[in-house]
Amino acid sequence: MITKLKPALRGLVPLGTVLLLSGCSGLDLLDPRGPVGLEERNVLLLEFAIMMCIVVPTIVLTIYYAWKYRASNTSAEYLPNWSHSNKIEVAIWGIPTLIIFVLGIISYDTTHRLDPYRPLSPAVAGTKPALNVEVVALDWKWMFIYPDQGIATINQLAIPTNTQISFRITSDTVMNSFFIPRLGSMIYAMAGMQTQLHLLASQSGDYLGESSQFSGRGFSDMKFRTLAMDDSEFNAWVDKVRASSDTLDSNDYSKYAAPSEAAPVQYFSHVQPGLFEGIIAKYNNGMVIDKSTGKVMHMQSAMSDMQMKE
């Protein structure tokens, strides 16, 4: 008996693997805590409802016709020579075409309006200055650099509520995917490249952040907490990080970037300016994009500009 069950159990292994590797919590997606996540949830539900306009009638009509024209129903209409109906053709082609057209309009509008590279509109984000955060995906942890505050953390992201967060994202390992389900907009982190993301938390809370793309042995623990708090609490958190005895520069960076699993939260009271640009530059022969001008330049020139500005 056990021998007969083994092949069946082996067949369930791929299904179990898929379930274990599923990227995020559906409950988080349906319970957003920011305007971007809220709009994405609404679009998801709207498109689902529109698609059900095809699925539900199809299922109902399938059951209805199967019952009506069952073999035991001798009173059902029998048309052995029937082959075509213009009305049916219009219905089965016209209705799906109309629905696809509507879905296309919705997708086009939201794709451009919720472009992760585009800053949030003042109507959504208000007039407060954005908080800049540089994100580096590592094996198997997340590093967050706050260039304006001169601090950094590992596996903990703190943000003030009702403030736009401007993320610049890269990877110093394989490709990962940065995702805070309750705030919305998953985006990739790739070595030698920089992606961008703009989010806002409208409510205080402790939200899950994760990598939603498999990246090796320690992937299951590649998670972080996003602490959304009011301005005074955020300033107190910044002071707490600045009280740390650890600092982060190009000499120590490799030690903290080395692969580790279930890495604890760590604070750095000082970060070497240009560290994020340097991580990108090492994959591009030392060339980086100046974030203020958008021009491609050598890392040494960029560092000189930063020192002059300081």
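A polar contact is a pair of N or O atoms within 3.5 Å. The legends below apply this and related terms to a predicted model.

**View 1. The N-terminal end of helix α7 is capped by Asp 249.** A side-chain oxygen of Asp 249 lies 3.0 Å from the backbone nitrogen of Asn 251. Helix α7 itself covers residues 250–257.

**View 2. Helix α7 has a buried side and an exposed face.** Tyr 253, Tyr 256 and Ala 257 are the buried residues of the helix. They span an arc of only 90° around the axis, and therefore lie on the same side of α7. Asn 251, Ser 254 and Lys 255 are exposed, on the face turned away from the buried side. The packing partners of the buried residues include the strands β1 (131–138), β2 (141–146) and β3 (151–154). Also in contact with these buried residues are β11 (247–248), β12 (266–268) and helix α8 (275–281).

**View 3. Six strands make up an open sheet with mixed pairing.** The strand order is β8-β5-β1-β2-β3-β12. β8 (195–199) and β12 are the edge strands; each has a single partner, so one side of each has no neighbour in the sheet. On average, neighbouring strands of this sheet are turned by 20° against each other, direction ignored.

**View 4. Strands β1 and β5 run parallel.** β5 comprises residues 165–171, and seven bridges join this strand to β1. Within β5, Thr 170 is the bridge partner of Val 136.

**View 5. Phe 144 and Phe 178 form an edge-to-face aromatic pair.** A pair of aromatic rings is described by the distance of the centres and the angle of the planes. For Phe 144 and Phe 178, the centres are 6.4 Å apart and the planes stand at 65°, an angle over the 60 degrees required for edge-to-face. Phe 144 belongs to strand β2 and Phe 178 to strand β6 (residues 176–179), so the pair ties together parts that are 34 residues apart in sequence. Phe 144 is buried at a relative accessible area of 0%, and Phe 178 counts as buried at 0% relative accessibility.

**View 6. Tyr 146 and Trp 237 form a tilted pair.** Their ring centres are 5.4 Å apart and their planes are at 55°, which is why the pair is classed as tilted. Tyr 146 lies in strand β2 and Trp 237 in helix α6 (residues 231–242), so that the pair links distant parts of the chain, 91 residues apart. Both Tyr 146 and Trp 237 are buried.

**View 7. Ring pairs link five aromatic residues into a cluster.** The members are Trp 142, Phe 144, Phe 167, Phe 178 and Phe 224. The count of aromatic pairs comes to 14.

Key:
Residues numbered from 1 in each chain as written. Predicted model: local features only at pLDDT ≥ 70, side-chain atom pairs only at ≥ 80, totals over all residues. Heavy atoms only, no water. Buried < 20%, exposed > 50% of the residue type's maximum accessible area, 1.4 Å probe, protein only. Helix = DSSP H or I, 4+ residues; strand = E, 2+ residues; numbered from the N terminus. Arc of directions from axis to C-beta. Contact = heavy atoms within 4.5 Å. Polar contact = N/O pair within 3.5 Å; in protein donor to acceptor, adjacent residues only side chain to side chain. Pairing = 2+ DSSP bridges. Axes fitted to C-alpha atoms, helices over the stretch in contact; angles between N-to-C directions. Phe/Tyr/Trp six-rings, centres within 6.5 Å; stacked < 30°, edge-to-face > 60°.
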